[in-house]
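Please open the model in your viewer and keep the selection panel at hand. The tour below goes from a pocket to several charged pairs.

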Amino acid sequence: MGPSNDDACGGEGIRRRSCGCSKEDFLPEESFKSWGNYTKALKATPARLLDRLTARSGEHTELVEMKARSQHEMKKSLTWWDLMWFGIGAVISAGIFVLTGLETKKHAGPAVVLSYVVSGVSAMLSVFCYTEFAVEIPAAGGSFAYLRVELGDFVAFIAAGNILLEYVIGGAAVARSWTSYFATLCNHHPNDFRIHVSTFPDDYNQLDPIAIVVIIVICTLAVASTKGSSRFNYIASIFHVAIILFIVIAGLTKANPKNFTPFAPYGPRGIFVASAVLFFAYVGFDAVSTMAEETKNPAKDIPIGLVGSMVITTLAYCILAVTLCLMQPYQQIDEDAPFSVAFEAVGWGWAKYIVAAGAIKGMTTVLLVSAVGQARYLTHIARTHMISPWFAKVHERTGTPVNATATMLAATAIIAFFTSLGILSNLLSISTLFIFMLVAVGLIVRRYYVSGETTPSDRNKLIICLVLILGSSIATAVYWGSSNGWIGLVVSNSIWFLSTLALWLGVPQAKKPRVWGVPLVPWLPSLSIAINLFLLGSIDKASFERFGIWTGILFVYYILIGLHASYDSAIESKTVAGEVNSSL
């Protein structure tokens with residue numbers, strides 16, 4: 001008798017699957033062997049859901065067992081240099097050339113530079129939380145793996161499913177914007193390079209073949225080699241830095257200090273309103289954390305790479321904002337193309353082509369880094385069997401997750417081909433902020449709770465403090481959005497401060513970081529929770545409706561398929577581990 005599918009792909013102690021495209025590769029779990037088994041699984045849904053809600057994954061599971069389910073390991077080829085440039089490539093995109101003008105004119109005036117500082121500090125808090133997790137749990141799943149360990153399967157799946165949707169929608173919008181900027185470079189209207197189909201609905205009748213070509217090229221790079229993608233990214237990012245330097249140096253030669261007066265025409269509220277929007281210019285670094293599994297020395301490379309890229313990005317944004325505000329009075333800044341119009345105003349109309357080239361570069365590297373990041377999210381989810389383990393396969397030669405990369409970019413390409421920017425225009429990353437908040441909560445739980453060691457009294461104190469921190473942060477966001485007064489803000493912020501103080505003084509930490517840790521715990525992660533919830537409060541109703549609908553779809557899928565597949569996989573892992581231990 002030949003070897004079974006499990007044995008043919010196996011290793012010691014862990015049964016490996018995903019070796020082909022048979023039914024076994026897509027639904028291999030016991031619950032899906034027959035309709036009878038599936039019916040029994042559905043009847044056991046309440047008990048299984050309770051098990052998955054209360055169970056927590058272990059670090060060894062994420063770092064050893066989950067990796068083994070991909071057949072081959074990802075190649076450890078990245079250093080802090082690669083991660084830093086990946087971070088810069090992921091964050092500095094075309095948005096900087098649009099958001100700065102919009103928020104300067106509408107909300108902040110020249111004080112937009114302070115808005116960028118506030119947003120940068122906010123993003124840095126999330127970077128710290130991600131860094132500690134990435135150093136201690138260097139798995140491809142990024143925040144999905146971290147949340148599985150600290151908050152459980154269900155929370156991790158809902159969070160990761162939402163951020164994957166953001167990747168797909170955002171990638172499609174960026175790909176279509178790539179066509180628009182390319183048309184500008186060629187002195188054409190964007191729709192000149194699109195195919196109009198009159199029989200299609202209005203928002204879906206401008207077909208974009210260039211977006212498809214760009215995504216195919218990105219997919220090829222991402223699949224071929226992570227190290228190769230890194231080289232392409234930092235070469236392109238160096239080109240982008242050169243363009244930013246040109247904009248700054250050339251712009252400052254036309255600077256007029258009088259344009260900085262008045263500095264904050266809309267007052268403090270305007271600065272914070274702008275910072276809530278400008279925070280989204282920093283989104284993207286979470287994709288870099290998914291590359292921890294491919295990092296040579298996570299303890300050194302990840303802190304330098306993530307923190308270094310965020311410092312450079314914040315400085316670049318602030319300098320660009322100062323340059324723009326010195327070139328033109330804030331009232332005259334164009335909302336859609338601020339730098340191009342500013343250069344035209346000083347007689348340098350030709351500079352708009354350089355700005356467009358910088359925007360194209362930014363969009364290209366954003367697409368590349370997000371392609372790498374989203375594939376690793378999907379890979380790790382598949383390793384847990386919450387989705388088909390076929391997506392977990394890592395190619396033997398390239399050491400990259402081929403199936404996950406191709407699938408995610410195919411979905412992106414289909415949406416980009418048909419859907420107009422009007423439909424994709426809402427890029428405010430509600431899912432990203434949601435995950436940032438959950439990661440900060442997870443970090444506090446990680447530091448203050450260890451099962452079997454933390455006393456019931458300390459556990460209850462932790463729960464009460466977390467509820468107060470979350471509740472007061474939500475109250476601050478709601479009050480800020482609905483009132484111009486300060487009394488409510490003083491009360492809610494006082495509750496946040498006192499609950500964080502109570503956690504700091506009243507609950508002993510149960511775990512210390514082994515290598516690198518976030519300083520000033522619980523203050524920094526608590527502040528991260530407050531800021532992310534505050535920014536969530538600035539997002540429009542339509543975004544929350546989309547978030548709710550997609551979360552509902554994820555919940556239905558989880559109850560019908562993901563729950564039973566991951567439950568069977570967890571039971572199988574426990575059985576195999578027990579057999580291995582009994583044989584020792």
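Begin with the second largest pocket, which holds about 450 Å³ of space. A pocket here is an open set of points on a 1 Å grid over the protein atoms alone, where a 1.4 Å probe fits, with protein on both sides within 12 Å along at least five of seven lines, and lining residues have an atom within 4 Å of a point; the volume is the space filled by probe spheres set on the points, which are joined across faces, edges and corners. This is a predicted model, in which local features need pLDDT of at least 70 and side-chain atom pairs count only at pLDDT 80 or more, while totals for chains, interfaces and linings use all residues. Residues are numbered from 1 along each chain as its sequence is written, and side-chain values use heavy atoms, with hydrogens and water left out.

Select Phe-272, Thr-476, Asn-493, Ile-531 and Phe-534, which lie nearest the centre of this pocket among its 19 lining residues. Then colour helices H8 (112–136), H13 (267–278), H21 (456–482), H22 (487–506) and H23 (523–536), the elements that each give two or more residues to the lining; helices are DSSP runs of H or I with at least four residues, numbered from the N terminus. H23 gives the most, with five residues. By class, the lining has 12 nonpolar, seven polar and no charged residues, where Ala, Val, Leu, Ile, Met, Phe, Trp, Tyr, Cys and Pro count as nonpolar, Asp, Glu, Lys and Arg as charged, and the others, Gly among them, as polar.

Turn next to the salt bridges, of which the structure holds 15, each a side-chain nitrogen of Lys or Arg within 4 Å of a carboxyl oxygen of Asp or Glu. Select Arg-446 and Glu-136, whose side chains meet at 2.8 Å, N to O; the pair links helix H20 (residues 430–448) with helix H8 across 310 residues of chain. Arg-446 is buried at 1% relative accessible area, and Glu-136 is buried at 5%, buried meaning under 20%, exposed over 50% and partly exposed in between (1.4 Å probe, protein chains only).

Now select Asp-568 and Arg-48, which form a salt bridge at 3.7 Å, N to O. Asp-568 lies in helix H24 (residues 541–583) and Arg-48 in helix H4 (residues 45–54), 520 residues apart; Asp-568 is buried at 12% and Arg-48 at 13%.

Finish at Asp-51 and Arg-52, a salt bridge whose closest N and O atoms are 3.0 Å apart. Asp-51 is partly exposed at 25%, whereas Arg-52 is buried at 7%.
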